[in-house]
Amino acid sequence: MTPAVPDHHERWHGQAATLEPTNALYLGAYGGSLLNAANKSRSLSSATKGRDMLEKAVAIDPAQLDAREALFRFYYHAPWPIGSNAKAYAQLRDEFVHPE
């Protein structure tokens, strides 16, 4: 199997997130790009790294709705033991229970 070549979005988002590691928008964009790449290549490492970037983005800025939605979709669609309906719905619940 040939390793997947990262698309230009993943590369640019990764550079932005590296240059500004506390920028929730950049981390969320990079996490989303990684999850898209993981979906195409079926890469577990890209999927878990994308999830981690999204979780970091939400930890920095809980109002990052794009990152929350991506985490919801990740946890909802990922197979067990990575996915979890409880974790998926927690992304929705946390936004509505603790709005800023």
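Q: How do I read pLDDT, and what is its mean here?
A: pLDDT is the predictor's confidence in each residue, from 0 to 100. The protein has a mean of 85. Of its residues, 86% reach 70 or more.

Q: Where is confidence highest, and where lowest?
A: Helix H3 (residues 44-60) is highest, at a mean of 94. Helix H5 (residues 85-97) is lowest, at 76.

Q: Which residues stay under 50?
A: Residues 1-5 do. The model gives that stretch two contacts beyond four places in sequence, a contact being heavy atoms within 4.5 Å. Where pLDDT is low, predicted coordinates should not be read in detail.

Q: How many helices and strands does the protein have?
A: Both are DSSP runs, numbered from the N terminus: helices are H or I, at least four residues, and strands are E, at least two. This protein has five helices and zero strands. From the N terminus, the order is α-α-α-α-α.

Q: At what angle do the axes of H1 and H2 cross?
A: Axes are lines fitted to C-alpha atoms, for helices over the stretch in contact; angles run from 0 to 180 degrees between N-to-C directions. H1 (residues 8-19) and H2 (residues 24-41) have axes that come within 8 Å and cross at roughly 150°. That makes the two helices roughly antiparallel. The label applies over 145 degrees; under 35 is roughly parallel, 65 to 115 roughly perpendicular, and the rest oblique.

Q: Which residues of H1 and H2 meet?
A: H1 brings residues including His9, His13 and Ala17. Among those in H2 are Tyr26, Tyr30 and Ala37. By class, the contact has eight nonpolar, four polar and one charged. Here Ala, Val, Leu, Ile, Met, Phe, Trp, Tyr, Cys and Pro count as nonpolar, Asp, Glu, Lys and Arg as charged, and the others, Gly among them, as polar.

Q: How do H2 and H3 cross?
A: Their axes come within 7 Å and cross at roughly 160°. H2 and H3 are therefore roughly antiparallel. Residues in this contact include Gly28, Gly31 and Gly32 of H2, and Gly50, Met53 and Ala57 of H3. The classes are 11 nonpolar, five polar and three charged.

Q: Is Ser46 buried or exposed?
A: Buried means under 20% relative accessible area, exposed over 50%, partly exposed in between (1.4 Å probe, protein chains only). Ser46, in helix H3, is buried at 17%. Beyond its neighbours within four places in sequence, Ser46 contacts Leu34 and Ala38. Across the protein, buried residues make up 39% of the 100 residues.

Q: What is Leu71 in contact with?
A: Leu71 lies in helix H4 (residues 65-77) and is buried, with a relative accessible area of 1%. Leaving aside neighbours within four places in sequence, Leu71 touches Arg51, Leu54, Glu55, Val58 and Gln91. Its C-alpha atom is 9.2 Å from that of Gly50, 21 residues away along the chain.

Q: How many contacts join residues at least 24 apart?
A: The share is 37%, among contacts between residues at least 6 apart in sequence.

Terms used. Residues are numbered from 1 along each chain as its sequence is written. This is a predicted model: local features need pLDDT of at least 70, side-chain atom pairs count only at pLDDT 80 or more; totals for chains, interfaces and linings use all residues. Side-chain values use heavy atoms; hydrogens and water are left out.
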